[in-house]
Amino acid sequence: DLPQSFRREHQELLRAGITTWPAVQAIDEHRRILKKMREIVIGAAQMGPIQRADTREAVVARMLALLDQAKDAGCQLVIFPELCLTTFFPRWYIADQAEVDSWFETEMPNAATQPLFNRARAHSIAISIGYGELTPDGRHFNTQILTDRQANIIGKYRKIHLPGHDECDPERSFQHLEKRYFAPGDLGFPVFRNMDAWMGMLICNDRRWPEAYREMGLQGVELIVLGYNTPSGNSQNADETPEMRDFHSDLSVQAGAYQNSAFVVAVAKAGNEDGHPLNGGSVIVSPDGVILQKAKTLGDELLVQACDMDATAFGKASVFDFKRHRRIEHYGRIATQTGVIYPDGKEG
Ligand code: ING
């Protein structure tokens, strides 16, 4: 199954009477090497539950074990979940701001996470981790960072689509107070050059919003990495099953990957945190929207997949060649209107 372009070269060689097989083999070998040039072996490091009482040091020890496992598996990039250093604290109403702030990091790396950065550098593995970011001027974000293979932070993303509510809601079986504890991200949807590829990040609820992927697709993104903490139940609809929420997670991630011809790696923090179950189901999805790997457990589990960034090229040059196919003169509402306005002018 030689690539089309190689077949053409092969034909030209034959037409030019160069039938010496070694020449063709040399090209083939050259192409194989070129082909591997943009292959990245990616690890999705799903994490099991983190209990309210667990220390950051205990969590980092689990992350180090996953990083060692990733090294043994030949990974060059490892993705950790959203808020991967602590329990998913937005499930509780916390009145005391000092206690809220205790769930945040004031610098990254810091004492608790430096061992992680050191091990990543020692293994020459780039990492992406999610955490609560408390800035020096007192702003709170749900943040994900990306490093190069020497553990230098080369990219930061702050979660833009914050689900849930901002006041304690006694009607709910559990809270989801991300709108209370975090400010909406203020960095947009940036795309970074890393390991000879265009990489972007999302966080959790962002994966449900096609605009988020398209903002990066329009920057040529080839790999989107994201973490999530998804409660297995709906605090407002007891009939919604964990399977339905797993279906919606895969549906969103597969659509985002296919519609922007990019790999998407979505990594869960999973399992039962202080009586609150979180979905697992971490996935690595191809630019065709195919699930290449999916987690089987609700614990610490590493998925590994070699991803050739050049595999994103065909989709970007054909069905999703945005320049050739998009008609932005008809897309006005998407960027200028927040909620529903019915044709009769009434607001939704
Ligand atoms: N968690 C959930 C998520 O988007 C949610 C919240 C679940 C919203 C299901 C809507 C439907 O996966 C976070 N942390 O965003």
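**Salt bridges in their setting**

Mentor: Happy to. The protein chain holds eleven helices and 14 strands, where helices (H or I, at least four residues) and strands (E, at least two) are DSSP runs numbered from the N terminus. Please keep in mind that this is a predicted model, in which local features need pLDDT of at least 70, side-chain atom pairs count only at pLDDT 80 or more, and totals for chains, interfaces and linings use all residues. Residues are numbered from 1 along each chain as its sequence is written, and side-chain values use heavy atoms, with hydrogens and water left out.

Of the 348 residues, 49% count as buried; buried means under 20% relative accessible area, exposed over 50%, and partly exposed in between (1.4 Å probe, protein chains only). The charges number 38 positive and 46 negative, and their mean positions are 6 Å apart. Here Lys and Arg count as positive and Asp and Glu as negative, while His and the chain ends are not counted; each charge is placed at NZ of Lys, CZ of Arg, CG of Asp or CD of Glu.

Now to the pairs. A salt bridge is a side-chain nitrogen of Lys or Arg within 4 Å of a carboxyl oxygen of Asp or Glu, and by this rule there are 25 of them. One of these joins D68 to R119, with the closest N and O atoms 2.8 Å apart. This pair links distant parts of the chain, since D68 sits in helix α3 (residues 56-72) and R119 in helix α5, 51 residues apart. D68 is partly exposed at 28% relative accessibility, and R119 is partly exposed at 27%.

K159 and E82 form another salt bridge, their closest N and O atoms being 3.0 Å apart. K159 lies in the loop between β5 (153-158) and α6 (178-181) and E82 in the loop between β2 and α4, so the pair ties together parts that are 77 residues apart in sequence. K159 counts as buried because its relative accessibility is 0%, and E82 is buried with a relative accessible area of 0%. L83 counts as buried at 1% relative accessibility.

K269 and E273 also meet through their side chains, at 2.9 Å from N to O. K269 is buried at 0% relative accessibility, and E273 is buried at 0% too.

Finally, look for the network of salt bridges that links E133, D137, R139, K156, R158 and D186.
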